[in-house]
Amino acid sequence: MSEYLYFFNCSHLERELFEGEFAALFNRENEGNNLLCDIYVPVDNSVYIKDALKIIYRHPNLECLLSYIKEENVTYDDYKVVYLKDKGSPFDYQRSLELTRQVGMAIRGCANMNNPESTIGITFINGEYIVGELSHGQESWKKFLNKPHTFCNGLDLRMCKTLINLATGNNPGVTVVDPCCGMGAVVLEGLNQGVDIVGFDISRTNSYKARLNLEHFGYDGQLIARQAISDLKIRKDVAIIDLPYNLYTPITREEQEEIILSGLKIAPKLILVAHDDYDEWFKSQGIEIRRKMTVKKFDNGTFTRLVYILER
Ligand SMILES: C[S@@+](CC[C@H](N)C(=O)[O-])C[C@H]1O[C@@H](n2cnc3c(N)ncnc32)[C@H](O)[C@@H]1O
């Protein structure tokens, strides 16, 4: 079974969201900035995975590690070796450079420092030398920054990606709906990750522009339709709702609550992005809060969102 070592990076403002996503992707609670496990998550599937190593070998003794590389004829044409520095790394720059040189010498094949086809990473974590094939995040979601139609209360693309992960938990079979999809940012990101996802919006303009956005990136525009959430007859595994709030269109608290209840009729699990605290009301409705995450935009807390994982 393959093993992977992941390195994470996250701002303190998004720590709770990162931890929620981590639990969804890796089925455990986060305990640090790296994780060794046998679960494969493509490095680009999370905005918080900085680097990932597909492990070739790990051992507490460097000589044993180097012997393994030589004896197993680990071979790459066109490779370079880099040292991955973790917070607790005991090695200074010179020592880490020496390690990359030793690993590079043990590998068979031609090194290419400028434009390598493969990058091999070496690191030292929890008393072990770990060597593996390195993947570095490419931030593929950034292409959606250029979608033709946006609106200023649209969700940040990084957040869209995390919402998809909270919904699917690295399981591509999960079906998802965004019933208040606005310009379709969450749907686009879901499609980018190969998720079975559709979107709806009550607004003719928004649903039309969301369709154009999908088509702009080569997706089927018919995955978006104009419909009010209360009229939806579909059933999906998870709904993601970025709750409309009183920014451009007036909406009452009762209408927001109706949207949440409708969301839980079309899916037993709801990922909700809200601006207000609904804890007491959820309790009164028998809605389970599986997780609640606060996401701040600024340190002074001026723009704070709550992300709930809800179940009924
Ligand atoms: C906050 S925006 C969603 C923005 C979206 N996440 C994005 O990033 O583009 C909320 C959307 O909900 C839609 N909406 C409001 N009430 C609705 C309802 N009853 N049924 C479906 N959509 C509704 C609005 O038209 C608006 O586009």
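User: How many residues has helix 4, and what span does helix 4 reach from its first C-alpha to its last?

Analyst: In this predicted model, helix 4 covers residues 157-168, which is 12 residues. From first C-alpha to last, helix 4 reaches 17 Å, close to the 16 Å expected at 1.5 Å a residue. Gly169 follows helix 4 and has a positive phi, near 55°.

User: Is helix 4 enclosed by the rest of the structure or exposed?

Analyst: Helix 4 is largely enclosed, because 11 of its 12 residues are buried. Among them are Leu157, Met159, Cys160 and Lys161. The cover over the buried residues includes helix 1 (15-26), helix 5 (185-192) and strand 13 (304-311).

User: How are two packed helices described?

Analyst: One gives the angle between their axes and the distance between the axes. Here, helix 2 (residues 62-71) packs with helix 3 (residues 93-106) at an angle of about 25°, the axes being 8 Å apart. Helix 2 is therefore roughly parallel to helix 3. In this contact, Leu66, Ile69 and Lys70 of helix 2 meet Gln102, Val103 and Ala106 of helix 3. By class, these contact residues are 4 nonpolar, 1 polar and 1 charged.

User: Which residues are closest to the ligand, and how many surround it?

Analyst: The ligand is surrounded by 20 residues, of which the closest are Gly154, Cys180, Gly182, Ile202 and Asp242. At least two residues of this shell come from helix 5, and at least two from strand 8 (196-201). The shell consists of 13 nonpolar, 5 polar and 2 charged residues.

Note on methods. Residues are numbered from 1 along each chain as its sequence is written. This is a predicted model: local features need pLDDT of at least 70, side-chain atom pairs count only at pLDDT 80 or more; totals for chains, interfaces and linings use all residues. Helices (H or I, at least four residues) and strands (E, at least two) are DSSP runs, numbered from the N terminus. The expected span of a helix is 1.5 Å times one less than its number of residues. A residue is buried if 20 or more other C-beta atoms lie within 10 Å of its own, exposed if 12 or fewer, and partly exposed in between; C-beta atoms are placed from the backbone. Two residues are in contact if their C-beta atoms, placed from the backbone, lie within 7 Å. A residue is near a molecule or strand if its C-beta atom, placed from the backbone, lies within 6 Å of it. Ala, Val, Leu, Ile, Met, Phe, Trp, Tyr, Cys and Pro count as nonpolar, Asp, Glu, Lys and Arg as charged, and the others, Gly among them, as polar. Axes are lines fitted to C-alpha atoms, for helices over the stretch in contact, and angles run from 0 to 180 degrees between N-to-C directions. Angles under 35 degrees count as roughly parallel, over 145 as roughly antiparallel, 65 to 115 as roughly perpendicular and the rest as oblique.
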